[in-house]
Structures are given as C-alpha cells and as structure tokens.
Amino acid sequence: MDENRAPIVPYVYIKHTGIVRDANPVRVVSSCNLEIYTFPFDVQNCTFTFRSYIHHVSDIRIILGKKVEDILKRSISVLSTEGEWELMDIKSSKFKLSTFNQGESNPYDELCFYIVLRRRATLYVVNLLIPSCFLITVDLFSFLLPPQNVDRSSFKMTLILGYSVFLLIVNDLLPVTGSTIPLINVFFAICLALMVASLLETILITNLLVAPCNFHPVPGWVRVLVLRFMGTLVWLPQKSREDKIILNPVARVCPLVTVERQVQTGEPGKMWAEADDPALMELRNLGNELQSIRLQVAQHVDGNQISQDWMQVGYILDRLLFGIYCIFITFSFIVILSVWSNYLK
C-alpha cells in the first residue's frame with residue numbers, strides 16, 4: 001500500500017444527534033493479482049480488506065455506510081480505466097476476527113469488498129485476432145496455387161516474414177505480468193507453427209514434382225500405400241497404364257525376316273552367294289539401328305512413367321496434407337474458442 005497523498009481536510013461534521021463525521025479523504029493504492037490466461041477475454045476478481053489491527057470492536061466498529069448497490073452505481077459513474085476495463089459487480093462481506101488475551105475474546109471488525117472487472121476485448125480482437133485469422137486464411141488458400149507453375153514457397157516465406165513482423169509490432173499490446181501464459185500466445189504460436197509446417201510441405205512437394213527424373217522407380221509399398229490407398233482417399237486414383245504397339249498396316253510381314261528365311265531355306269551355294277548381297281547387309285544394319293532406337297524409346301517411356309508416378313505421388317501427398325492442415329486448423333480454433341467461451345460464462 002502506497003503513502004496517502006490525499007489533501008488534508010481540517011474539518012469534521014457534527015450532527016444534532018451527536019454523531020461526529022470525519023470527512024478526511026484517503027487515497028489508497030493497491031495491487032491485484034491478474035489471471036491473464038484467457039486474455040483478452042479475462043475477468044478479474046480483486047479483493048479489498050479493511051480492518052483495524054489495534055482497536056477492538058469495543059473501540060471501533062466498521063460498517064457499510066451505503067448499500068452495495070448504491071456503491072456500485074456510484075463507482076461505475078466515477079470509475080476511470082482509460083476505456084480498457086469495465087466494472088461488473090461489487091460484493092461485500094463482514095467478518096469478526098477473534099483473538100484471545102488473558103482468556104477473554106477480543107474481536108476485530110473486518111470488511112471485505114470483492115470487485116469484479118472485465119476487460120473490453122474489442123481493441124485486442126480487432127488488432128490481434130482478426131489479422132492473425134486473415135494471415136492464416138491466406139496461407140490456407142495458398143495450397144490452391146499450382147506448385148509446378150507458381151513459386152509457392154516464396155509466397156509462403158513472405159507470409160511467415162510478415163507474420164513475424166506483425167508479432168513484433170503487437171508485442172506491446174500483450175500482458176507481461178501474470179502467473180500463467182495467456183492463451184492468445186498459444187494461438188499465435190500455433191499460427192506460426194502452421195505456416196512453417198506449410199512451407200516445409202511445399203518444399204517436399206516441389207521436390208517431388210520438379211525433379212522426379214533423378215529418382216529411382218516408385219517402391220512397391222509407396223505404390224500400394226500412396227498411389228492406391230491414399231489416392232482413392234483424396235479422390236486422385238492412379239491412372240491405368242496401357243502398353244500401345246503401333247504397327248504399319250501396309251507391311252504385315254517384316255522384310256528382314258522374310259529375306260533371312262529365304263537365305264536359311266535356300267540351297268547352300270545359293271545361300272552363301274546371297275549372304276554377300278549388299279541389299280541384305282543394308283537390311284541387317286537397318287535392323288540393328290531400329291533395335292537401338294527401340295531401346296532408346298523404351299528407356300524414354302520408362303523414364304516418363306517414373307516421372308509421372310512420382311508426380312502423382314506429389315499431387316496425392318499435397319492434397320492429403322492440405323486436408324490434414326484444414327482439420328488441424330479447425331480443431332485448434334474450436335478448442336481455443338471453447339476455452340474462451342467457458343471462461344466468459
């Protein structure tokens with residue numbers, strides 16, 4: 001309790017009934033422990049106790065001069081809190097504390113006031129909660145950007161930097177005293193953690209979609225777990241692969257095979273004579289070149305198929321993590337809002 005700095009009034013009021021009233025004002029500076037867990041929707045209950053440590057009931061009796069309802073109305077009209085606090089209720093109770101001195105009871109009067117204050121949360125909702133909800137909503141809708149055509153990671157990094165600057169700016173509005181950590185700090189930490197997790201998810205998906213050619217073929221367990229099970233779960237089923245063989249409709253029999261059969265079934269002298277035929281040698285060289293071209297085309301098709309499989313894995317994981325992201329945000333917000341609402345009742 002601070003020193004009384006109220007002005008001294010050297011007068012007393014004397015009534016015809018013999019009652020003497022001393023109207024000397026007293027300026028009392030007190031402190032109250034704040035419960036800031038539900039900030040900015042917190043309600044504070046402060047207790048003020050008045051008693052005499054020297055005089056007994058026989059010397060001084062402490063009573064209420066007015067009704068508690070009148071004191072509440074008067075207090076509301078003169079209360080000055082710079083618009084942050086709202087006086088809700090005032091209650092009072094009177095006790096008699098007894099001390100035993102030489103076998104006799106010497107009670108003391110004690111008067112307690114219970115003052116209920118509620119913080120006006122409009123300022124903090126507008127300046128803290130709504131901007132955070134806007135930023136986390138923008139981060140949520142950033143999943144709709146195509147990861148192959150747009151640099152989604154740069155966009156999310158900009159959001160994280162902007163949210164960090166926002167937290168530094170609004171740090172002065174948060175309470176710094178109290179026995180517990182405010183729930184709004186947990187809310188800010190969850191929002192920042194979700195943005196960081198979203199950035200890490202974008203890095204993983206971008207790696208799967210942009211550079212799948214350097215990967216090995218998709219393992220069997222990934223094909224079963226991701227491409228089949230998760231793909232069906234997120235409505236992205238695996239496309240069926242069909243091996244297509246394009247044949248020349250005019251040439252139904254390979255000329256090279258026909259010539260070789262004629263050579264093998266011909267007479268021995270004639271066979272060796274035709275073996276040195278330039279046309280036959282040219283056909284054999286052409287067959288070798290076609291075989292090498294076929295191998296290159298097969299490797300290219302296999303590489304494209306591997307790339308398509310990994311890209312499909314990336315799309316499925318992107319949609320699956322987006323769903324998990326939405327579920328976690330919804331669950332976290334519902335839990336925090338329910339805690340705030342329970343304390344507001």
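How many salt bridges does the count come to by the rule I used? The rule asks for a side-chain nitrogen of Lys or Arg within 4 Å of a carboxyl oxygen of Asp or Glu, and by it I get seven salt bridges.

**Ground rules**

I am working on a predicted model, where local features need pLDDT of at least 70 and side-chain atom pairs count only at pLDDT 80 or more, while totals for chains, interfaces and linings use all residues. I number residues from 1 along each chain as its sequence is written, and my side-chain values use heavy atoms, with hydrogens and water left out.

**Overall layout**

I started with the secondary structure, which comes to eight helices and five strands in the protein chain. Here helices (H or I, at least four residues) and strands (E, at least two) are DSSP runs, numbered from the N terminus. Reading from the N terminus, I noted the order β-β-β-α-β-β-α-α-α-α-α-α-α.

Next I looked up burial. I call a residue buried under 20% relative accessible area, exposed over 50%, and partly exposed in between (1.4 Å probe, protein chains only). Buried residues make up 27% of the 345 residues in the protein chain.

**Salt bridges, one by one**

A reminder to myself: side chains of opposite charge can pair when their charged atoms come close.

I went to Arg-119 and Asp-42, whose closest N and O atoms are 2.8 Å apart in a salt bridge. Arg-119 sits in strand β5 and Asp-42 in the loop between β2 and β3, so this pair ties together parts 77 residues apart in sequence. Arg-119 counts as buried at 8% relative accessibility, and Asp-42 is buried too, with a relative accessible area of 0%. I also found a network of salt bridges linking Asp-42, Glu-84 and Arg-119.

Then I checked Glu-86 and Arg-118, which form a salt bridge at 3.2 Å, N to O. Glu-86 belongs to strand β4 and Arg-118 to strand β5, so the pair ties together parts 32 residues apart in sequence.

My next stop was Arg-152 with Asp-318, a salt bridge at 3.1 Å, N to O. Arg-152 is in helix α3 (residues 152-169) and Asp-318 in helix α8 (residues 278-344), so the pair ties together parts 166 residues apart in sequence. I have both Arg-152 and Asp-318 down as buried.

**The largest pocket**

What is the volume of the largest pocket? I get about 1900 Å³. For the search, a 1 Å grid is laid over the protein atoms alone, and a pocket is an open set of points where a 1.4 Å probe fits, with protein on both sides within 12 Å along at least five of seven lines; lining residues have an atom within 4 Å of a point. Grid points are joined across faces, edges and corners, and the volume is the space filled by probe spheres set on the points.

I listed 41 lining residues, with Val-26, Val-28, Phe-48, Phe-50 and Phe-113 lying nearest the centre of the largest pocket. The elements that give two or more residues to the lining are β2 (20-22), β3 (43-51), α1 (68-78), β4 (85-101) and β5 (104-119). Which element gives the most? That is β3, with six residues.

By type, the lining divides into 24 nonpolar, 10 polar and seven charged residues. In this sorting Ala, Val, Leu, Ile, Met, Phe, Trp, Tyr, Cys and Pro are nonpolar, Asp, Glu, Lys and Arg charged, and the others, Gly among them, polar.

**Helix α5 and its surface**

I found a nonpolar surface patch of about 480 Å² made by Trp-221, Leu-225, Phe-229 and Leu-233. Patch residues have over 30% relative accessible area and no salt bridge, and nonpolar side chains (Val, Leu, Ile, Met, Phe, Trp, Tyr) are joined within 5 Å. Areas come from the Shrake-Rupley method with a 1.4 Å probe. Leu-233 is in helix α5 (residues 220-233).

Thr-232 is in helix α5 as well, and counts as exposed at 56% relative accessibility.

**Last checks**

Gly-314 is in helix α8 and is buried at 0% relative accessibility. I also noted a cis peptide bond joining Phe-39 and Pro-40, with omega about 5 degrees; Pro-40 is in the loop between β2 and β3.

Notes:
Patch = residues over 30% accessible without salt bridge, like charges linked within 9 Å, V, L, I, M, F, W, Y side chains within 5 Å.
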